[in-house]
Amino acid sequence: MTSRERILRILAHKEADIVPKYDSFWEDTIINYYKNGLPDNLEKDYFKIVFDSGIKTIGDPIGDYFGYDIDMFYLDNSMRLTPRIVEDCEEYSIIADRCGYTAKRIKNKGTTMDFIGHVNPDETTWGKFKDRFVLDISDTSRIDSDSFFLRTNQVPAWKEVKTVFDEYRKRRRFLLLNGYGPYEGTWRHHGYTQSLMDIMCEKGLMCEMFEKITGLTIETIKYATSIGMKPDGFWMVEDLAHTRSTLFSPDIYKEVLWPYHKILGDFLHKENIYFFVHSCGKIDTLLPYLISAGIDVVQPLQANTGMNVRDLKREFGQDLTFWGNINEIELSKTFEDIEREIADKVTFAMKGG
């Protein structure tokens, strides 16, 4: 069974030969892995393509080392502001991102960032930026095998990415396209606190911003599909909760944000593309709404919020595929604790797919 076949069986709620695998790591985790014996020449035998925009390695050496079943591509649904390095020193860098925020990032350390500023704090500034959410196919690609997150190096042309995409298809893994959802992408340029205020007090403004980024996301995937770059799934990054509750009530979610998730879900299902969502925090109260929006897969099911895949599968297993829920606290303990955490959840969740 190929990796793609394995994941398609899981998404069809059927059992596969093994549980599919994928993960991504903090920078300091990778550094520690190399210190503890991860081979430092993993890339040496990989196929590389030289383009005008740079060199592309076909494959993920660390992911392949651990046997991952997913190959990730990334979608840029930003305003495409010019990214720039504001400050750079040994300990940190400050970067103005294409999405419209400026952030301080500690180097070689897995920590949250310090967001310093956002270009669109109010309705007046929004008028200056809203027309930037457009797809220009003569511009560089809005899809790439490298992430657009805080990226300042050159972006390849569409025809270059198409060549890379075709090579990845030959690997027979599940091709997942990762990009910001309407709320996540909006607060990046509008501000986190301001977005939380405005989703209550300025609903019309927030809906207009959600509509713009949703439309750009759909148009980008449409174009990619038209040139032979159709992904198997779209993974919407959309953090909607903290460890105790959702960021705003389910009623506000259903009124203001859900319609744009539904628009995206309807489009993806029409194109036979699976709809994944990443949302940290305690999101169990939103799961019925996410299902009605067309979500197929929920990740990461943050375990320290009290959510447990055993309970979630009983209630939502006919509609959702579950990704994650292994408690990272338990993974820091003994091998016996790790085995207990995995056996308690995975052996239950894998039954019936």
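This is a predicted model: local features need pLDDT of at least 70, side-chain atom pairs count only at pLDDT 80 or more; totals for chains, interfaces and linings use all residues.
Helix α11 spans residues 309-316 and helix α13 spans residues 335-349. Their axes come within 9 Å and cross at roughly 15 degrees. Because angles under 35 degrees count as roughly parallel, α11 is classed as roughly parallel to α13. The crossing of the two helices is left-handed. On the α11 side, the contact is made by Val 309, Arg 310, Lys 313 and Arg 314, and on the α13 side by Asp 344, Lys 345, Phe 348 and Ala 349. By class, three nonpolar and five charged residues take part in the contact of α11 with α13, and no polar ones.

Thr 305 is located in the loop that runs between β12 (297-299) and α11. A polar atom of the Thr 305 side chain lies 3.5 Å from the backbone nitrogen of Met 307. When residues up to four places away in sequence are not counted, Thr 305 touches His 242, Thr 243, Gly 281 and Lys 282.

Arg 98 occupies the loop between β5 (92-96) and β6 (101-106). The Arg 98 side chain reaches the backbone oxygen of Arg 151 at a distance of 3.2 Å. Neighbours within four places in sequence aside, the residues in contact with Arg 98 are Asp 76, Ser 78, Met 79, Arg 80, Leu 81, Pro 83, Phe 148, Arg 151 and Val 155.

Terms used. Residues are numbered from 1 along each chain as its sequence is written. Side-chain values use heavy atoms; hydrogens and water are left out. Axes are lines fitted to C-alpha atoms, for helices over the stretch in contact, and angles run from 0 to 180 degrees between N-to-C directions. Helices (H or I, at least four residues) and strands (E, at least two) are DSSP runs, numbered from the N terminus. Angles under 35 degrees count as roughly parallel, over 145 as roughly antiparallel, 65 to 115 as roughly perpendicular and the rest as oblique. A crossing is left-handed if the near helix is turned anticlockwise from the far one by less than a right angle, and right-handed if clockwise. Contact means heavy atoms within 4.5 Å. Ala, Val, Leu, Ile, Met, Phe, Trp, Tyr, Cys and Pro count as nonpolar, Asp, Glu, Lys and Arg as charged, and the others, Gly among them, as polar. A polar contact is a pair of N or O atoms within 3.5 Å; within protein, one must be able to donate a hydrogen and the other to accept it, and residues adjacent in sequence count only if both atoms are side-chain atoms.
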